[in-house]
Amino acid sequence: MINNDILRQLMNKVDKSFYVYDEEEILKWINILQDKFKEFEILYSVKTNPNKNILDLMSKNNIGADVASPKEVQISNKANINKEKIIYSSPGKRRKDIEDSMDKCIITADSYNELGILNEIGKDRNIKLEVGLRINANYNVFGGKALSSKYGVDEESLLEHKTFIDNLDNIRIIGIHVHLQSQILDYEIIYNYYDYVLKLALYCKEKMNFNLKFINFGGGLGISYGDSYKNLDIDKLSIMSNDLITKYKEKLNTRFIIESGRFLVCKSGTYVTPIIDIKESRGRKYLIVQNGYNGFFKPTISELIVYYTKRKDNIKMMEPLFTSYDSYKISLIKKENEKEDEKEIVTIGGNLCAAVDILANDIVFPKAEINDLVSINNAGSYAYSLTPFLFSSHEKPVEIYFRSISDYLID
Ligand SMILES: Cc1ncc(COP(=O)(O)O)c(C=O)c1O
């Protein structure tokens with residue numbers, strides 16, 4: 001387990017802001033998913049954190065890749081993930097994106113137009129391409145009317161496009177992909193959603209004549225970010241979902257796939273940045289760290305949302321940019337191992353010439369000194385990959401893949 005002493009040692013080594021990902025922690029979550037979802041294949045959502053050492057670990061543990069760009073196809077390929085286990089699904093693929101990737105993965109079309117492009121490519125190469133189709137299910141996980149979406153094709157539009165699809169002689173639809181919501185913590189909501197997707201798959205088989213080789217249920221497994229969160233009851237979900245699959249297995253005879261990002265890696269990550277300066281302005285104390293929003297973006301988004309809404313709780317999630325105001329904890333690590341009992345109210349900002357470059361406003365914090373470190377937890381997902389590093393051309397954080405203090409890799 002990574003502790004403050006290890007973080008101090010790593011800072012002494014790299015001497016700049018860093019992310020550290022704890023392999024042991026990732027393995028723990030991989031084992032939970034694989035143990036609990038025996039009837040499913042698991043894909044890692046690479047957008048969550050595309051660190052190559054994490055990809056290698058996923059690959060070694062027989063986890064596939066949910067990818068959203070040609071570059072993500074490439075890095076999954078490099079990690080030796082089997083072509084059949086790399087599924088490329090995103091809106092807005094260009095013909096070039098498809099051509100660069102199609103031999104290295106399964107492509108999931110996101111629109112009827114894209115099905116047409118895939119068919120043209122198949123025709124030009126004189127092949128029949130096997131592809132997936134993302135469907136915007138006629139279902140709302142939270143109840144109520146299904147929502148309009150930029151992803152996939154609406155379920156209700158399938159039948160009226162049957163002739164169009166049947167006439168695409170150079171493709172064959174062999175899979176469906178649905179993803180409606182991330183970060184769900186209620187096992188019944190996830191179970192009911194899986195049940196709906198299975199019924200949709202049957203509809204696709206029976207009414208659309210899709211010969212399905214995979215059903216991709218997408219992501220959604222939520223995690224507890226902090227004290228205000230409950231835990232997803234993974235035991236109940238797994239028992240019910242595995243039973244559900246057993247019921248459909250014969251009728252559908254296909255691969256059942258779930259995607260997961262944050263569940264696998266969020267908890268493994270810590271962001272650490274040194275305090276460079278300390279100052280006061282009109283009664284307010286500022287800790288200036290090396291990388292604020294150009295190190296870890298989500299805290300700054302949180303501060304902006306609170307600024308505009310004047311609220312700190314019960315604010316709607318806007319994944320992946322905003323989960324909740326308390327979705328991470330900001331802590332002080334003293335440069336030496338001394339304990340600090342004195343507390344004060346501080347604002348933590350970064351080194352950018354931008355007033356919004358604030359990680360935390362007016363928080364109660366142990367008394368800090370220059371060269372102490374600020375750490376932020378829950379930094380394994382949607383952290384490094386979401387952060388804009390370019391503004392003011394500052395040095396960006398490094399990423400450390402950690403096995404032990406004598407065995408870690410720096411990128
Ligand atoms: C299609 C798809 N699948 C899976 C995920 C992963 O979500 P999570 O990190 O909540 O598991 C995402 C995240 O945006 C996604 O867009």
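Which residue forms a salt bridge with Lys28, and how many Å apart are the closest N and O atoms?

## A salt bridge within a helix

The partner of Lys28 is Glu25, and the closest N and O atoms of this salt bridge are 3.4 Å apart. The model described here is predicted.

Both Lys28 and Glu25 belong to helix H2, which covers residues 23-36. Three residues separate the two positions, about one turn of the helix. In the structure as a whole there are 29 salt bridges, and the pair formed by Lys28 and Glu25 is one of them.

## The site of the ligand

## Polar contacts and cover

In the side chain of Ser182, an N or O atom is 3.0 Å from an oxygen atom of the ligand. For Arg262, the distance between an N or O atom of the side chain and an oxygen atom of the ligand is 2.8 Å. Gly261 takes part through its backbone, where a polar atom is 2.8 Å from an oxygen atom of the ligand.

On its own, the ligand has 390 Å² of accessible area, and the protein covers 90% of that area.

Definitions and conventions. Residues are numbered from 1 along each chain as its sequence is written. This is a predicted model: local features need pLDDT of at least 70, side-chain atom pairs count only at pLDDT 80 or more; totals for chains, interfaces and linings use all residues. Side-chain values use heavy atoms; hydrogens and water are left out. A polar contact is a pair of N or O atoms within 3.5 Å; within protein, one must be able to donate a hydrogen and the other to accept it, and residues adjacent in sequence count only if both atoms are side-chain atoms. Accessible areas come from the Shrake-Rupley method with a 1.4 Å probe; for residues, only the protein chains shown count as cover. A salt bridge is a side-chain nitrogen of Lys or Arg within 4 Å of a carboxyl oxygen of Asp or Glu. Helices (H or I, at least four residues) and strands (E, at least two) are DSSP runs, numbered from the N terminus.
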